Amino acid sequence: MASIDAHSLREHLANAPQAAFFFDNAADVAFTALDRGTSLSGRLGALAGRSVLVATASQLTAALALIELDGCARRITILPPDADPDHLPALIAAAEIDAVVLDDDSIKHVALDLPVRVICAPSIVTLEQTPPARVHTEWVMLTSGTTGVPKMVVHDLGGLTAAIVAKSAADGAAVWGTFYDIRRYGGLQIFLRAVLGRASLVLSSAGEAVTDHLARLARHGVTHLSGTPSHWRRVLMRPAIRSIAPRYVRLSGEIADQPVLDALRAVFPHANIGHAYASTEAGVAFDVNDGLAGFPAAFVGRARDGVEMRVVDGALQIRSGRTASRYVGPAAPALAGDDGFVDTGDIVERRGERYHFVGRRGGIINVGGLKVHPEEVEAVINRHPLVRMSLVRPKSSPITGAIAVAEVVLKSDRNGHEAQHIEVRDEILKLCRETLPRHKIPAAISFVPGLAVAATGKLARRQG
Amino acid sequence: MSVRLTIFEQMEEVAREHGKILAPLKDDLVLADSGLDSLGFAVLVARLEDTLGVDPFTASDEAVFPLTLGDFVKVYENGVH
């Protein structure tokens, strides 16, 4: 798509209501202030036509930078808060990044030798020069869940906002909130909904406690609130959930199961509760608003709102104008097949007139939004001298959606000694704690006499 | 050992493993203030399934979201008996 989008994000803010603000726990910025002002210390011109990395610590400054850079920078690469700093050199080389936007907090941590460094701050100053000539800006988002350097996925504003335009989200009286960071695809959708609808957006601050965030959402009268099922499960355990009364509750980013939908229905009996399916590569595919898990089988096979879906070998594939166009880099693999369908890797299963998500083809375990590669954990367990082999698999969890558990086969003649099992289990856990982040440590370890091996010679993994 | 004591013991164990400090365990303790986070509770529920043989959250068709420790223990007591 080479055409220039109808309006840049800044232009969308023209004539915004006086009451529309971005909020975090330290600052608020009126949409109207950005119409003629800048958060980039008067240096917007220095970023014109460049490939810019947005590496702010706060979501608020990221939001301001994105509005200003759209239509100005040649390419915006959005760095998620959990990005591994060791990957930065590779990302900068691949996306030919020659400028960075930082804020007061990230400048201490991000040491980059780039020709242009600009500080973004929520204190808006008058935009002295006219904004630079409009360019078509590429938006680059990073994938999550891969080992090694994340893939860089290219979108443009037209594709990113297609689902929003189709749904005509304009609602001046809305106040949006998101538990999902706006530097990830699901959160970015909420940021864009707020901007296009000229409606306030309440952002969380780095390290802010959930109860504090909830209190601010209540104070600003949030009407539209979005998060992953895990975010919502966490919030459902807080009495403070009773202090908010959103009209629209949205879930995305993970499988929304029936218990979490029902629990939200019980707490918000009058809200419209919807779960959306989207991915960084495939874009927004659909919203489900009937309160039931899964999605109608009728969604598959014919175009709806410009989105076509099909199921191939159990995996959902999507073709639409909302999918990313490609991965960055000369040697990058193709993002879509020859016929334009993007393979999501999400495995679905048809039950009656509905499809349900059953897991990832790759078998990655999703622990509350954090990814666990079973093989990585097995490698640690297998370092124990008494362990023969191990299988790490997902176990469904009412709290984090899934959690990793391990089955361990001990070396011969060690099986069957209860006392020794406890000792070995404690040693394995200690080994895991020393080398793995908390979410990757198996919640439970059981000892089994053997594990099935498939014809390929690989451990047989049951699909989560 | 009673269901209640088993739960308390497992909570201490998970808290120790996760380097968390538990609030004094009593019935009106709000779970969110107990010192265990989401991951801690996920591990706790998985462990309790091993020791008590039941996961009342997944077993039940109704969504259960206990707010206090007393509620949490009751969910298990109802699930076990």
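**View 1. Helix α2 of chain B, seen along its length in a predicted model.** Helix α2(B) covers residues 38-52, and its 15 residues reach 20 Å from the first C-alpha to the last, which is close to the 21 Å expected at 1.5 Å a residue. Just after this helix, Gly53(B) takes a positive phi of about 75 degrees.

View 2. Because 11 of its 15 residues are buried, α2(B) is largely enclosed by the rest of the structure. The buried residues include Phe41(B), Val43(B), Leu44(B) and Leu48(B), and Ser38(B) and Glu49(B) are also among them.

**View 3. The side of chain A that touches chain B.** The contact takes 23 residues from chain A and 19 residues from chain B. On the chain A side, α9 (229-236), α10 (258-267), β25, β26 and α12 (418-435) each supply at least two residues, and the residues of this side divide into 12 nonpolar, 5 polar and 6 charged.

**View 4. An open sheet of 3 strands in chain A.** The strands follow the order β25-β26-β27, with mixed pairing. Since β25 (387-397) and β27 (445-447) stand at the edges, each with a single partner strand, one side of each is left without a neighbour in the sheet. Neighbouring strands of this sheet are turned by 25 degrees against each other on average, direction ignored. Strand β26 (residues 401-410) runs parallel to β27(A) and is joined to it by 3 bridges, and Glu407(A) stands opposite Ser446(A) in β27(A).

Terms used
Residues numbered from 1 in each chain as written. Chains lettered and ligands numbered in written order. Predicted model: local features only at pLDDT ≥ 70, side-chain atom pairs only at ≥ 80, totals over all residues. Pairing = 2+ DSSP bridges. Helix = DSSP H or I, 4+ residues; strand = E, 2+ residues; numbered from the N terminus. Axes fitted to C-alpha atoms, helices over the stretch in contact; angles between N-to-C directions. Contact = placed C-beta atoms within 7 Å. Nonpolar A, V, L, I, M, F, W, Y, C, P; charged D, E, K, R; others polar. Expected span 1.5 Å × (residues − 1). Buried ≥ 20, exposed ≤ 12 C-beta atoms within 10 Å, placed from the backbone.
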